[in-house]
Amino acid sequence: MREILFGYGIFAMYYVIAINTIYLTIILFSFNKVSSILKGTLYSKYQSLSGSKNVPPISVLVPAYNEELTVIENVRSLLALHYPKYEVIVVNDGSSDKTVEVITEEFNLKYFAPSSVEKKIETAEVRGIYYNPNYPNLYVVDKENGGKADSLNAGINLSNYPLIASIDADSLLEKDALIRMARKYMENPEQNVAIGGNVRIANGCKIENGVVKDVNLPKKLLPMLQTVEYMKAFLGGRIGWSKVNGLIIVSGAFGVFRKDYVVEVGGYRGGYPGEDMNIIIKLHRHMLENKLPYKVEFVPDAVCWTQAPDSFKILGSQRKRWGRGNLKNMIDEGRHMFLRPKYKIMGLLTIPYNIIFETLSPYFRITGLLALIGYTMMDMTGWKILLAFSLVNIAYGTLLGLGSLLIEEIAFQRFPKVRDFFKMLGYTVLMFFGYRQLGILWRFLGQIDYFRKNNTWGTMTRTSWNSEDNKSA
C-alpha cells in the first residue's frame with residue numbers, strides 16, 4: 001500500500017511540475033511579445049486615431065442583470081470613451097431589482113415598443129427599447145430573463161455596426177481602451193476575428209464619474225490575492241497564448257469581435273456559464289474547419305477595471321461557476337478538437353493543456369496530495385518527500401508569479417510605488433498557503449454541480465463604486 005501511495009504521489013508531483021513548466025514556456029512567449037507591444041504602443045498616435053474617420057464603428061454590448069448599484073457608473077464610463085463612432089447597448093436581462101428604472105431616470109430615456117427587426121439569433125422576448133435623442137449613442141433594451149449569453153445575442157440583433165464589444169455592467173473601461181483594441185483590429189481587419197482586453201481589479205482604486213482616478217492596491221485579503229492572480233493570468237498567460245494563436249478565452253468583461261463571424265457560429269451559447277470561452281472555441285473551430293486565416297489577439301494595454309469578490313461565499317460561487325463552464329466547454333467542443341492536427345495549435349496544444357492540466361487538475365492534485373499525506377502518515381520517515389513536493393510547488397509557482405510581476409513593471413507600471421511591488425510579491429507567495437488549494441476545491445465542486453445538472457449562474461454581490469454598501473443579486 002505504501003508503495004502505491006508513494007508512486008501515485010510522485011506521479012502527481014511530476015504532473016504539477018509539468019503544468020508549471022508549460023506555464024513557464026508560455027510566460028517566456030509573453031516576455032518575447034512584450035517588446036513588440038511596447039514598440040507598437042510607443043509609435044501609435046492614439047489621440048489622433050480617436051478622431052479618425054477610418055476607425056471602424058463599434059457596438060458596445062452591456063448585459064445587465066440586477067446591476068442597479070453599478071450600471072450608472074458603467075454607462076458614464078462608456079459614454080466618455082475616446083472613440084469616433086460607437087453605440088452603447090445596455091441589455092437588461094429581466095432584472096428583479098431597479099436596473100431599468102435607475103438608468104432610464106438617470107438619462108431620461110423614453111420607452112419605445114420593440115420594432116420588427118430581423119432576429120439574426122433567437123433570444124428571449126424583448127419588452128421594449130429606451131432612448132433619448134440627447135444621448136444619441138445610448139440604447140437600453142429591456143427583455144425577458146434568458147441569461148448573459150441571451151442578452152449578448154439580443155444586443156447583436158439590435159446592433160448597427162460590424163464590430164461588437166462585450167462589457168460587463170460591473171466593469172469600467174479606460175477612455176482609450178476601445179481605441180487601443182481598434183488599433184489592433186486595424187492592423188489586420190480580415191484576420192483579427194476576436195481581441196481580448198486586460199482585466200484589472202478595481203477594489204481599492206478611487207473612482208469618480210465612472211473613471212479610475214487613482215490606482216491603488218486593494219486593502220482586503222481576497223481582492224489583493226485576485227489582483228496578483230489576474231496579473232499572472234492576463235500578463236503571464238494570455239500574452240503568450242496569443243503569440244501562438246492559442247488563446248482559448250477572451251474575458252467576458254471586455255472583448256471585441258467581428259460580428260459577422262459571431263453570427264456565423266450561432267452567437268453566444270446559452271444555458272450554461274462559460275459563454276466567453278465557448279464563443280472563442282467556436283470561432284477557432286469555424287475558422288480552422290473552413291481553412292480561413294485568422295487570429296485571436298490580446299491587447300494588454302487596453303484596460304477594463306472590474307470588481308473582485310471580497311467574501312469567500314461570493315468568490316467560491318464565482319469559481320464553481322467557472323469550473324462548470326470549463327467542463328461544459330470541454331465536453332461540448334474540446335473533445336472534438338483534442339489531439340486532432342487539423343485544429344493546429346488549438347487541437348495539439350491548447351485543448352490538450354486545458355483538458356489535462358485545467359479540467360482534470362483538481363482530481364490529480366487532490367488525490368496526489370492525499371496519497372503523499374497517506375504515505376507520510378504510514379511511514380513518518382517520508383515527511384521529507386512531502387516537504388520537497390511542497391517546496392518545489394511553491395518555488396515554481398512563485399517564479400511564475402514573479403515573471404508576471406516583471407512584465408507588469410517593465411511594460412505597464414500601473415503600480416509605481418516600490419512597496420506595491422513587494423506587497424504583490426508577498427501575496428504571490430501567500431497564495432500557496434490556502435488560496436490555491438481553495439481554488440482547486442471550488443473548481444472540483446463546480447464540476448460536481450455540473451454532473452448534478454446545476455447550470456445556474458450562482459450568487460453574486462455588487463458594490464456601488466461610490467459606497468461600501470453591498471447588495472445581494
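**Chat about helices, a strand and a cavity**

Colleague: How many residues does α12 have, and how far does α12 reach from its first C-alpha to its last?

Modeller: α12 has 18 residues and reaches 26 Å from first C-alpha to last, close to the 26 Å expected at 1.5 Å a residue. That expected span is 1.5 Å times one less than the number of residues. Helices here are DSSP runs of H or I with at least four residues, strands are runs of E with at least two, and both are numbered from the N terminus.

Colleague: And what sort of model is this?

Modeller: This is a predicted model, where local features need pLDDT of at least 70 and side-chain atom pairs count only at pLDDT 80 or more, while totals for chains, interfaces and linings use all residues. Residues are numbered from 1 along each chain as its sequence is written, and side-chain values use heavy atoms, with hydrogens and water left out.

Colleague: OK, which residues of α12 are buried?

Modeller: S361, P362, R365, G368, A371, L372, G374, Y375 and T376. Buried means under 20% relative accessible area, exposed means over 50%, and partly exposed is in between, with a 1.4 Å probe and protein chains only.

Colleague: What about α15, how far apart are its end C-alpha atoms?

Modeller: They are 25 Å apart, which agrees with the 24 Å that the 17 residues of α15 (435-451) should span at 1.5 Å a residue. Just after α15, K453 takes a positive phi of about 65 degrees.

Colleague: Which α15 residues are buried, and what covers them?

Modeller: Y435, I440, W442, G446, Q447, D449 and Y450 are the buried ones. The cover includes α7 (221-243), α10 (312-337), α11 (344-359) and α12 (361-378).

Colleague: Switching to strands. How many residues of β2 are buried?

Modeller: 8 of its 8 residues, 86-93. Both faces are covered, with Y86, V88, V90 and N92 on one side and E87, I89, V91 and D93 on the other.

Colleague: Which strands are joined to β2?

Modeller: β1 (58-64) runs parallel to β2 with 7 bridges, and I58 stands opposite Y86. β5 (138-143) is also parallel to β2, with 6 bridges, and there V90 faces V140. Strands pair if DSSP finds at least two bridges between them.

Colleague: What do β1, α3 and β2 make together?

Modeller: A right-handed β-α-β unit, with α3 at residues 71-79. Right-handed means that, with the strands pointing away from the viewer, the path from the first strand over the helix to the second runs clockwise.

Colleague: Which element gives the largest share of the lining of the largest cavity?

Modeller: α7, with 5 residues. The lining includes R200, Y230, W305 and E408.

Methods. Contact = heavy atoms within 4.5 Å. 1 Å grid on protein atoms, 1.4 Å probe; cavity = no way out; pocket = protein on both sides within 12 Å on 5 of 7 lines; lining within 4 Å.
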